[in-house]
Amino acid sequence: MADRSALTRRGLFRGIGSATVVASCTRTHPGTATNTPSTDAALSPGEIGPSPSRLSFELNGKAVQVDVEPRTTLLDALRVDLDTTGTKKVCDRGACSACTVLVDGVQRNSCMMLAHDVEGRTVTTVEGLADDGHLTVLQRKFVEHDALQCGFCTSGMLMSCSALLQRTAGRGSALSKEEVQDAIKGNLCRCGTYPHVIAAVLDASKERA
Amino acid sequence: MAKTEIKVGFGDQVKAVSVELPKGEAKPWDADAQLEVVGKPIPRRDGALKVSGRAKYTYDVNLPGMLYAAVVRSPLPAAKVVSVDTSAAEKIAGVKAVVQVAEKGDAVLFAGQDVAAVVAERPEQAWQAARAVKVEYEQRRFVTRLAFAATPDAPLVHRGAVEERRTEGHVTEGGGGDAQGNKRPLRPMKKGDVSKGLKGATVHEAVYETQVQTHSALETHGIVARWDDDEHLTVWASTQSIFSVRDELAEVFDLKPTNVRVHTDYLGGGFGAKFGASAPGSRLGTIAARLAKQTGAPVKLMCDRHEEQVCTGNRPDSIQTVKVAGKGTALTAIEVQSIGTAGIGTGAGVGRNAFAVYTKCPNILVDSSDVFTNAGPGTAMRAPGHPQGAFAFELALDELATKLGVDPIELRLANDEHPVRLWQFEEGAKRFDWKAKRAESKRLREGKARIRRGCGVAASIWGDFGRPKAAVVTCSVLRDGSVEIRNGVQDIGTGIPTVLAQIGAEVFTRPLDTIIVRYGDSELGSSVGSGGSQTTSSVTPAVRNACEDAKEKFIEHVAELLGAKPADVSWANDGTLSAGGASITFAQACKKIPGESITATADRPATYGNHPMPFLGAPMPQIAGVQFAEVEVDTWTGVVRAKHVLAMHDCGRVMNRLTCTSQVNGGVILGTSYALMEQRVMDHDVGRMLNPNLESYKICGAADTPEIEVVLTDVYTGANNTGAAGIGEPSTIPTAAALACAVFDALGEPVRRLPMTPSRVLAALGAVPAPKGLG
Ligand code: FES
Ligand code: FES
């Protein structure tokens, strides 16, 4: 599933074998290198940084353009630059799934991706789940079952569970408890909503079936 | 004051008592009250905002021109600051200011202490600048190991007086004597004479250890500060106590409290660590406001996860020597000697399970001490002291029961006096199928099966700490037909605004969606902190009084419209108001309100009842709870799985069965996590936490969670006019204890250290050598 040609924060660390992030990096995502105006002198074509460079992608169905530094994570770009704060920052290192978004339909920890990784791709955050202000069945079931307390893990939970429902959409039968539990294994919740999250997703899947 | 008769009690144990109601107090909703909205399982009202990502938490506040701060923290556990060089940090692009928080010569007492702070245009720049601040230290001797810190050879952690942090709503054991070295005794809890009780009795004595647990709220501590002018400060704070943030900032910056405005619209958890403008181990609020003043721009300062783990509080650990003695089924003596470390802070007591649950025992001594270490300060955490005390004592009790040859429930029933808890033990044993399950675990144990099962039970004790006068609530009937309730309380995640709306809907017999609740803002009337499980019990009675008063005024207005006496106005459930043949709808009557609204403001008097049993002799009810737990243990790998927890709890009159159940689930899951997974791991050689994150500091996930069955026992206490009591803390007290008892049942051997990791389970079975202790 991972696009190996794209930069990921984890891959970058692995590649350079140290936690020192390089000042400039090459973006090799197909079809994007040419249209990137960089403000930094003496860069080879396709290189960006360290100053902000133009990034274009689709966010919740709308085309967005924003200038971000190569070191900025997708999570920070969403929250700081695009004021899309429904996606939460909790651990900032891939341990809790609070920052889960869908990139081209696949759930990813946005804290573990660099913003420039999503050049030309589509990103869906929790704000993009509802259709024109109408909550999805899953969102409604979360509310009905009280699958949220403080609500800080909720966006990530919803993204993981939406992805599960999407993955299994064609099946026509309800999900099992184990399937839901598996889907949210990486989503930490400190308030203890797991039982109600599971009930909500099962209910949503029944409605679908 | 007139006497009013009310019905108190629970289940079929209801009786009439007469209470003296303070002036202006609404008659309590007692056992006879038939309520339509209060108590029902109503989904929280901000649910839609939270599931659509539109709820703005402190972390989400983005103000125009806002700058981002970061704190430079000491990597050393004990040192003297020799010099701070900010020049390199200042040169980093986007950096607006770099300030020293510790001055030359200041002492550093733990790894993670504030030393300097930076502020920049973007968060990445701030982090980069924080790394570029060069601090030179002179290292000092330090101690992070609890047992060593308590010895005379250990380096002294505090050289001067110790500043004591008290958390609102948490009754701490308090200082009981002079410090000796790093050790500072807490006030002992004592009755009778333990040595007498030991004579001729069967005695069990053992040492129990618990770990340091961190709060790990998902939203880290943080604050956004904006100066509106030199005299006015507005902040958004991730806090459990809006008004303590206000007062602290007012004091630090010498402002009038009313000139400091605090917003907490949504809060990503707290669990006891988020009182005040600063975190227990970091002056976040002061730093943010200082940087905002210096730069003339709003400043956001949020902890990262590492900081959250090391300097924002924790549950202290403990080493407890428990002695318990009995004859037949009668407990004759209980003695607990305990030490624990709250790092550089205080508060390592062990709660009240040993002292105040099994009250038929005539001789009890609980003696505990704080031991200072060079680690981040402990602070109140969901039922401070209690889970650790409950674990040690309830497991010791089961070990004694084995020696006495009695069933653990029988022993508890014979020594507890709380009528609700007694009912919970008996009823729970039936629901849980206790006898059959214990027989099955015995069969597996004796057959030396690889996969064993076991069950255990433990008690919860808490007090109804509802506070008088603290919450001031305004209720207005508006011309558009809605009813508005205002109070500056914050929602830590329990759903308190929903409960307040339910009270309004009940009093006015109006649809829930016509009740507006405004909260989370210091300008909406003073309120309590969300701690001590006191919010619902402190705020709902004030809401009810305000609503009843506004309703009375509204009826006067209606009477005037109908040309009748207020006493003759009748109020139908559909909102029709009639008197002497004339009638008017609620909406019509509202439209005719002169001015904007009919408004009343009220508070809550002191608690005036304590049925069915007082809390440690205090004029407040004792909240009862019992949890049953079932585990499965793989004796080859040592892995314990929590299978099932039956949580039976009293929280007075249940206000909302849905959100209340959520809270109990949360208590059980936190307790399971504490029992099986979580622990702060210190590197005692360098004095730093080794797992300051969420990948190696393990918290309970969905797959680790047991099946949870919640039974809420409505208890009519006559303590306040809504009958609400707390549930947040009581629901986490007995979980780890019940699980430990269940593991003992499964193995026939106790695991006397938390968390019950595979290596400790295998050691208990004698399969591997015992891992080294905390000391
Ligand atoms: S914030 Fe991204 S996984 Fe925790
Ligand atoms: S609802 Fe608070 S962390 Fe999940």
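Predicted model: local features only at pLDDT ≥ 70, side-chain atom pairs only at ≥ 80, totals over all residues.
**Start with chain A**

Select chain A. Its secondary structure comes to six helices and seven strands. Along the sequence, the pattern reads α-β-β-β-β-α-β-β-β-α-α-α-α. Of the 209 residues of chain A, 55% count as buried. Take the contacts in chain A between residues at least 6 apart in sequence: 56% of these join residues at least 24 apart.

**Helix 6 of chain A**

Now pick residues 194-208 of chain A, which form helix 6. This helix has 15 residues and reaches 21 Å from its first C-alpha to its last, close to the 21 Å expected at 1.5 Å a residue. Show its side chains. The buried ones include Y194(A), H196(A), V197(A) and I198(A). Further along, A200(A), V201(A), L202(A), A204(A) and S205(A) are buried too. What do these buried residues pack against? Within chain A, the partners are helix 3 (137-144), helix 4 (154-167) and helix 5 (177-183). From chain B, helix 17 (657-676) joins them.

**The A-B interface**

Colour the two chains apart. Here, 60 residues of chain B are in contact with 46 residues of chain A. The two chains bury about 4300 Å² between them, 55% of it on carbon and sulfur atoms. Then select V51(B), L218(B) and A702(B), which supply 17% of the area that chain B buries against chain A, more than any other three residues.

**Cavities**

The model holds five cavities of 30 Å³ or more. To find it, select I492(B), T494(B), Q663(B), I727(B) and G728(B), the closest to its centre of the 36 residues that line it. Helix 14 (496-508), helix 15 (535-562) and helix 17 of chain B each supply at least two lining residues. Helix 17 of chain B gives the most, with four residues. By class, this lining has eleven nonpolar, 21 polar and four charged residues.

The second largest cavity has a volume of about 90 Å³. Go to H221(B), G222(B), S238(B), G276(B) and A277(B), the closest to its centre among 15 lining residues. Eight of the lining residues are nonpolar, six polar and one charged.

**Helix 10 of chain B**

Select residues 386-404 of chain B, the 19 residues of helix 10. At 1.5 Å a residue they should span 27 Å, and the end C-alpha atoms are 26 Å apart, which agrees. Is this helix mostly covered or mostly open? It is mostly covered: 17 of its 19 residues are buried. Step on to G405(B), which follows the helix and has a positive phi, near 70°.

**Backbone stops in chain B**

Most residues other than glycine have a negative phi, and most peptide bonds are trans.

- D433(B) is partly exposed, at 44% relative accessible area.
- Look in the loop between strand 24 (515-518) and helix 15. S533(B) is buried, at 13% relative accessible area.
- P612(B) lies in the loop between strand 28 (597-602) and strand 29 (614-615).
- P755(B) lies in the loop between helix 18 (735-747) and helix 19 (758-764).

Conventions:
Residues numbered from 1 in each chain as written. Chains lettered and ligands numbered in written order. Heavy atoms only, no water. Expected span 1.5 Å × (residues − 1). Buried < 20%, exposed > 50% of the residue type's maximum accessible area, 1.4 Å probe, protein only. Contact = heavy atoms within 4.5 Å. 1 Å grid on protein atoms, 1.4 Å probe; cavity = no way out; pocket = protein on both sides within 12 Å on 5 of 7 lines; lining within 4 Å. Points joined across faces, edges and corners; volume = space filled by probe spheres on them. Nonpolar A, V, L, I, M, F, W, Y, C, P; charged D, E, K, R; others polar. Buried area = accessible area lost by both parts, 1.4 Å probe.
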